[in-house]
Amino acid sequence: RELVFEFFAEAERRSAHRHAAAVLSKRRAAIPQIVYHRDFGLDEESATPEDLDKLSRLHVEAGRDRLDVYDLERARWHLERALEHSRDPVQRSIAAEGLGDVCLLQDDVETGVALYTAIIATATPSTAVRVAAKAVQFLFSKSVNRDAKQLALMALEVAHEPTPTTTPGKLWVLAASLFRSWLGKCELEAPLRDGLCLIYLHLAFIGLIDDPVSVLACVARAHWIARGLRSGPAATMLAFEAALMAVLGRTAYAEETFVLATEIAHEAKHVWAQGMVFHHWGIALVGMDRYSEGQDRFDDAVAAYREAGDVSNLLLVMFFKALYGRDREPADRILGWIDEALTMARRNGKRSGVQTLEALKLHVLARQGHPDIGERIVSYAETMRRDDAPGIERMGAYIQLAYAALEADEVEAGRGYVAIATKYAEEMG
């Protein structure tokens, strides 16, 4: 197609592209095809700002169309063109957000974070929090915790939320938030509160590694913000709070909060939030020595994630089912759960979570005395070194691989895997 157009003068090429766009529009062709020809049919020297903004909007629509079918390369081209054409700040922000989404999906974290940073810096509080909540959730799932925390704190500042950096400051936020919760609910608009719940949730997750005071401050602040809010993000935040309270020994309060979070998630018809609530509840119940009930909640979480289409979290729950069942269930049952999860991962093209599942499988096989287990452990360790999985997954996989090596009487190898897992833990901190 392009070789044919090269035979014509520039004006003729533009005319041909405009004609092609008109024909495709009349035939109700796919929007990306139409926009492609409109772009190359545009005379930028004579085009008005309105013309450019209109073309930019069409490119955003085309980019979203390609993103829906995971055609990331074409989606990125459309969104880059949208950003180049428009001079309207609002339209540029929309294009930049879409482009940032694509960059993260392509693992171009540096460009994605730069785009989100620019958006948050000039956005209204509600937009800044919404954009940051989405970006932070994705970055956290990839273990890019430093960038996730940077965007989260930046959005909190735009929203005039406290961002203390010292322990006394965090303790003040903790105390003030508890006092506010006692006085009444937060009066901010609901969409802003939803975004803040998700941001504080992921800041709390990040703080679990090395900043327990920050975790408590984030949970207390989010508790006040979520109070009276009947939404999926509120239910998710309450589930995390309940899980934390269970760890701290406040089991009755945790149980009440899990029940409340479940009611809210069902009322909001937020299936993904239901999965998150059951996920946290299952972990808490196992920790309270209520193993059978915990496995039931894991099964509920699997069903909810399957309905929501969240294969990544579904695989994580399957890992927890197998991990906690390893010392309680027959080995063949555990291997069946793991194989089911691995089959699901391959069927959906998912790599996240596969390393930990494979390493856990090796541990179970080592317990069974599998004849060539030592060779399989070494072989999979080499495979893991070549893979580019997130740090948190590598850490978990090497821990399971260490268990497998020790079970197979490969003590030195086991110590080596522990050292590698420790290195990844330090890097995440």
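Me: Hi! How much space lies in the second largest pocket?
Reply: Hi! In this predicted model, the second largest pocket holds about 420 Å³ of space.

Me: And which residues are closest to the centre of that pocket?
Reply: Those are Lys149, Leu153, Leu203, Asp211 and Ser214, out of 25 residues that line the second largest pocket.

Me: Which helices each supply at least two residues of the lining?
Reply: There are α9 (145-158), α10 (167-183), α11 (190-207) and α12 (212-226).

Me: OK, new topic. How many helices and strands does the chain have?
Reply: The chain has 22 helices and zero strands. Its C-alpha atoms fill a box of roughly 75 × 60 × 40 Å along the principal axes.

Me: What percentage of the residues count as buried?
Reply: Of the 429 residues in the chain, 50% are buried. As for the surface, the chain exposes about 21,300 Å², and carbon and sulfur atoms supply 54% of that area.

Me: What share of the contacts comes from residues 24 or more positions apart?
Reply: They account for 62%, counting contacts in the chain with a separation of 6 or more.

Me: Last one: how many positive and negative side chains are there?
Reply: The chain has 50 positive and 62 negative side chains. The centres of those two sets lie 3 Å apart.

Terms used:
Residues are numbered from 1 along each chain as its sequence is written. This is a predicted model: local features need pLDDT of at least 70, side-chain atom pairs count only at pLDDT 80 or more; totals for chains, interfaces and linings use all residues. Side-chain values use heavy atoms; hydrogens and water are left out. Helices (H or I, at least four residues) and strands (E, at least two) are DSSP runs, numbered from the N terminus. Buried means under 20% relative accessible area, exposed over 50%, partly exposed in between (1.4 Å probe, protein chains only). Contact means heavy atoms within 4.5 Å. Accessible areas come from the Shrake-Rupley method with a 1.4 Å probe; for residues, only the protein chains shown count as cover. Lys and Arg count as positive and Asp and Glu as negative; His and the chain ends are not counted. The place of a charge is taken as NZ of Lys, CZ of Arg, CG of Asp or CD of Glu. On a 1 Å grid over the protein atoms alone, a cavity is a set of points where a 1.4 Å probe fits but cannot get out, and a pocket is an open set with protein on both sides within 12 Å along at least five of seven lines; lining residues have an atom within 4 Å of a point. Grid points are joined across faces, edges and corners, and a volume is the space filled by probe spheres set on the points.
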